[in-house]
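Reader: Please take a close look at the salt bridges of this model, and state the cut-offs behind each term as you go.

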Amino acid sequence: FPGHTEGDLYLWMRRNQEELEIRYGRDILLEEAVEDLVRRFGEEPSRARRIRKHVGKLAGGVGELGGRLVDRIAPREMEIEVVSASQLLSSVCAVAGTTPPYRFTGESKDEWRAWRTGFKHRLWDVLGVGDYPWKPYGAEELSADIKEIVLVDGIRRELVWLRTEANLQVPVYVYSPGDHGVRHGAVIVFPGHGTTAQTAGVAESYQRGNAMALARDGFVVLTMELRGFGFLGAATHLQIDTAARVLGRSWFGLLVQDGMRVIDYLMTRPDVDADRIGATGIGAGGALTMYLAALDDRVRAAMINSYLSKYALVCLDVEHCPCNDIPGILRDAEMGDVAALIAPRPALFANGLRDPLTHPEAARESFTVAQHVYRALGVPNNVRLVEPVDLGHEYDTELASAWFRRWLA
């Protein structure tokens, strides 16, 4: 492993050990973690990996924000353009270098309660979720309309349309084990920049049919269509986001509202245990999972795949969709602060190191912010960051299954 110090290798081995323990649900010896890494990666690194590492060192030398700029500028223009771009973004850099107003720095539960109440209300307003406090819909208001029922490998799949607001119905696929009279844990799967056809396994994609995979583990699984995609694609999600911002709302705020209606619906189902509801997704689906879990305590466990980073970094990444740029968020908080709102409930953050849309150092920094809150509440083991070395921008169904079996089964 050329270029690594002994300390680098030790941390890598420990992170791999933790990932394997979550994935397989048992204690893993450090020696086993070492053997696993050697088996998969003990070879001469590819040229692409060496170049990426070199660029990472260069970016590290000028800071996170400057690093993103370096990646987007040709070498011959670098000396002039980096300075110019840094000046253009000086106000953003200044905010990124300060401690956000809603950073939790306390140690007691009373301090945490006060922080959490204020920050939740503020985040609700920044996202533009809607009326506060939340008023759940009952069965009559939801008007659940079952359009289709099929059996897939012995699992019942329903296509249901739900009313999430006065003039809008949203389609969801619901998978259920079918054993009558038994209440199951439930998992909501958000597609992100995709459709329910992908999460349901009807179409091939990086979503990997994760709803069907979780249903095979014995959960009632619901996957919700997002505004701007699939059945709801009459307008693009960016058009919806732009229109929502005029009203002080956002695409994610509208989706959180729909997601909370979905929880309202799950709580009316006789086959769902209302105390065992989880949420998950990849990319924008992971973002929606994080926001929903932060704002709705009915989400008892969350798995956020390929999202945790820092807002100040993501906004400069040309690979990220501008729907991720929450208006004004940096005036109040960074991504780690939002993740911390999920505490003390279990949260797993999974970022593949081969995923071009993730930023490992930024993710670790945000995780540390969230981890402080979990430690202050005495539940440090309820939050995890795992970084599978060979995972790209794909949903890790194995990790998700292990995590939800641990907390919701």
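Author: Lys147 is exposed, with a relative accessible area of 53%, where exposed stands for over 50%, buried for under 20% and partly exposed for what lies in between, using a 1.4 Å probe and protein chains only. The model is predicted, so local features need pLDDT of at least 70 and side-chain atom pairs count only at pLDDT 80 or more, while totals for chains, interfaces and linings use all residues. Residues are numbered from 1 along each chain as its sequence is written, and side-chain values use heavy atoms, leaving out hydrogens and water.

The side chain of Lys147 meets that of Asp145 in a salt bridge (2.9 Å, N to O), a term that requires a side-chain nitrogen of Lys or Arg within 4 Å of a carboxyl oxygen of Asp or Glu. Asp145 counts as partly exposed, at 30% relative accessibility.

A second pair, Arg245 and Asp241, is joined at 2.8 Å, N to O, and both residues lie in helix 11 (residues 237–246), 4 residues apart, about one turn of the helix; helices are DSSP runs of H or I with at least four residues, and strands are runs of E with at least two, numbered from the N terminus. Here Asp241 is buried at 4%, whereas Arg245 is partly exposed at 30%.

Asp264 is buried at 2%, and Arg298 is buried at 15%. Elsewhere, salt bridges with shared partners join Arg15, Glu361, Arg364 and Glu387 into one network. By this rule, the count comes to 31 salt bridges.
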